[in-house]
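Here is a walk through one predicted model. Start with a single residue, then step back to the whole chain.

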Protein chains: 2
Amino acid sequence: MPETLPPDSVGLVTPQAMTFSDPLEFESGAVIDDYTLAFETYGELNAAHSNAILICHALSSHHHAAGYHSMDERKPGWWDNCIGLGKAIDTRRFFVVCSNNLGGCHGSTGPASTNPVTGKPYGRGFPDIVVKDWVRSQSHLADKLGIDRWAAVIGGSLGGMQAMQWSIDYPERLAHAIVIAAAPRLSAQNIAFNEVARTAIKSDPDFHDGDYYGHNVIPERGLRLARMLGHITYLSDDSMHARFGRELQEGSPTRGYDMEFQVESYLRYQGSKFAGEFDANTYLLMTKTLDHFDPAKEYDDDLTRALARAQAKFLVMSFTGDWRFSPERSREIVRALLENNLDVVYARIEVDEGHDAFLMKIPQYLQVFGAYMQRLARELGA
Amino acid sequence: MPETLPPDSVGLVTPQAMTFSDPLEFESGAVIDDYTLAFETYGELNAAHSNAILICHALSSHHHAAGYHSMDERKPGWWDNCIGLGKAIDTRRFFVVCSNNLGGCHGSTGPASTNPVTGKPYGRGFPDIVVKDWVRSQSHLADKLGIDRWAAVIGGSLGGMQAMQWSIDYPERLAHAIVIAAAPRLSAQNIAFNEVARTAIKSDPDFHDGDYYGHNVIPERGLRLARMLGHITYLSDDSMHARFGRELQEGSPTRGYDMEFQVESYLRYQGSKFAGEFDANTYLLMTKTLDHFDPAKEYDDDLTRALARAQAKFLVMSFTGDWRFSPERSREIVRALLENNLDVVYARIEVDEGHDAFLMKIPQYLQVFGAYMQRLARELGA
């Protein structure tokens, strides 16, 4: 709870919401007649509308990417390490937009929203979403904000997949795509972890086949397990060792059934926190979106052909400690981009941190990222 | 269901049980007055009683290591790839013993057994177990079988930890220790996976704080999740890719909520099968035993000092695709053994398979293992 906000913070921010009354047709064929996207913006859109950056969020995140909602907020937005005055994404130069993905649970229309047809929450009746759908909905937001072309679309993890999809679906609407800690598609192991998380949620007796809203409960046990498991995949073995080792939790017996290691206590805390904040149906929906992402699929598994329409310049970054989407997965993207003669910068950051590294204050990472963004700003004359 | 058994099989085997009426004191101080160990043997004990091999099993396994219980049994014992006529552990030369660990759920006394004091299942009242306790109970079995000294104590994973503990606790009672795909102790990440599995079981409403026996239910959802998660850690990303890739399950829709990848179906099958076979309290108990194992702890984290009493000759084997207990963990053991001037052979098997590799028919592995065992047989004149 800062008494004054850090000088390089974007400061106090107010979430906004854009409601669209044009029907949105999903790739699945489903249609919703109207929908809302929650979003935030930081910095100022210039007169030429050429300095806008779209930030795409990862699985369990939202539109609050930087700054504080109030002086009482304990922690700033999730990418405050990268967005702010003089930071890698410098809000003195760029107009930054981050929206909560459709299907989310932080203000955008999603499974917990009321389905106007039934007067009840969509629940499991919310349309299946693929990354293309998100990108299309974000393009409508860009239209409304008067942004014809993004200076960059940027994201980590599932956010990086959205940036990639933007470059394929709207090649003329972005100058740069920045794809961090992502993969061209999930491996069987990635899918397997998601499936265990989904099974935990769906087998929770409080899930009620997705209609827990009507029962005034939440599948808390399932969400907690999903998040505990998620955290293991976000950290590396090395970073867990550095943070927790085999240290026992304070007050733990030193042996036996009730012995508790610090890492166990950490996971339980993270799990319980998440269970109180996140909608289970959104988690199911978004993990399925993640599993399904595979732009090469309709091109005989040829990622190069999938990216053939892309025109953006690319920055691709990976982290050596990331075993979820390892550097090898980023290199697959880089290879496909190079085969299309696209302009690519690839940085493989040597760091013990795991997948979560993209959120962290890691000097080498922020330096590469910042230098690239400065070049971008110079291109714009921003 | 073989109509005739394979010629290199140990054939039809009958599980045995040894009941001990001397009280067993656990490291925790708890005592049980009598207990049973289920076990099997293969091959013949020679006149000098010098050709006996103890096989120690891993987390969720049992004493049925080789052969068939009946002509109707679909699959042989869990280590049939390694135990048999002319196999790495050649039953023409060795007398092989494998017991179900105390606390288990396949015939040895465990949480599901009746506590003679209460007349009810022990449940969570079963004493906490550490690897030292298992080794002590196995030494009592050796006494009863007339085996003063094992030609070798052999195990993979948690079984390898028991072999290591044998070499520390009864240095004169084994000639060789064979430690496969093991680690000197669990990492924070290893513990974290176990904790998610335990949380899944304990948060299942059918767990009833361990007294599900009295409610005629089993915490099936929790066990299923624990096993699904376990399987992810037993396989490697590469081996999952090779086995499942991103192939959809037959009959799966190609998109959306109900889309199902083969890997998901596989995990669910494994999970459900396990939930019907394994006792939840045993799973909790044994994962805690695994987490707690750390022979170096009482020697200021110095594994070399912990192994200073060992006299056995060692074969240590690891698999490059094993990310649960990676080759680096085996090298820690090897270093400590070498610093004690012990006789060590170390083999790092280059293979994409994960932790489960130690159970598989992998030519390079079986060749190294078999050659070592032949040397051992020659030593014995067996």
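A:Ile147 has 21 C-beta neighbours inside 10 Å, so it counts as buried. The cut-off for that label is 20 or more. Where does A:Ile147 sit? It lies in a loop of chain A, between helix H1 (131-145) and strand E11 (150-156).

Which residues does A:Ile147 touch, leaving aside its neighbours within four places in sequence? The contacts are A:His49, A:Ala52 and A:Ala142. Take A:Ala52 from that list. A:Ala52 and A:Ile147 are 95 residues apart along the chain, yet 7.1 Å separates their C-alpha atoms.

Now step back to the domains. Chain A is assigned two of them: domain 1 covers 16-185 + 295-380, and domain 2 covers 191-287. Taken over C-alpha atoms, the centres of domain 1 and domain 2 of chain A are 26 Å apart. How many residues make the contact between these domains? On the domain 1 side of chain A there are 21, and they meet 18 residues of domain 2 of chain A. What is the domain 1 side made of, by class? It has eight nonpolar, eight polar and five charged residues where it touches domain 2 of chain A.

Last comes a helix. H7 of chain A runs over residues 280-292. Is H7(A) enclosed or exposed? Of its 13 residues, 13 are buried, so H7(A) is largely enclosed by the rest of the structure.

Terms used. Residues are numbered from 1 along each chain as its sequence is written. Chains are lettered from A and ligands numbered from 1 in the order in which they are written. This is a predicted model: local features need pLDDT of at least 70, side-chain atom pairs count only at pLDDT 80 or more; totals for chains, interfaces and linings use all residues. Domain bounds come from an automatic or database domain assignment. Two residues are in contact if their C-beta atoms, placed from the backbone, lie within 7 Å. Ala, Val, Leu, Ile, Met, Phe, Trp, Tyr, Cys and Pro count as nonpolar, Asp, Glu, Lys and Arg as charged, and the others, Gly among them, as polar. Helices (H or I, at least four residues) and strands (E, at least two) are DSSP runs, numbered from the N terminus. The expected span of a helix is 1.5 Å times one less than its number of residues. A residue is buried if 20 or more other C-beta atoms lie within 10 Å of its own, exposed if 12 or fewer, and partly exposed in between; C-beta atoms are placed from the backbone.
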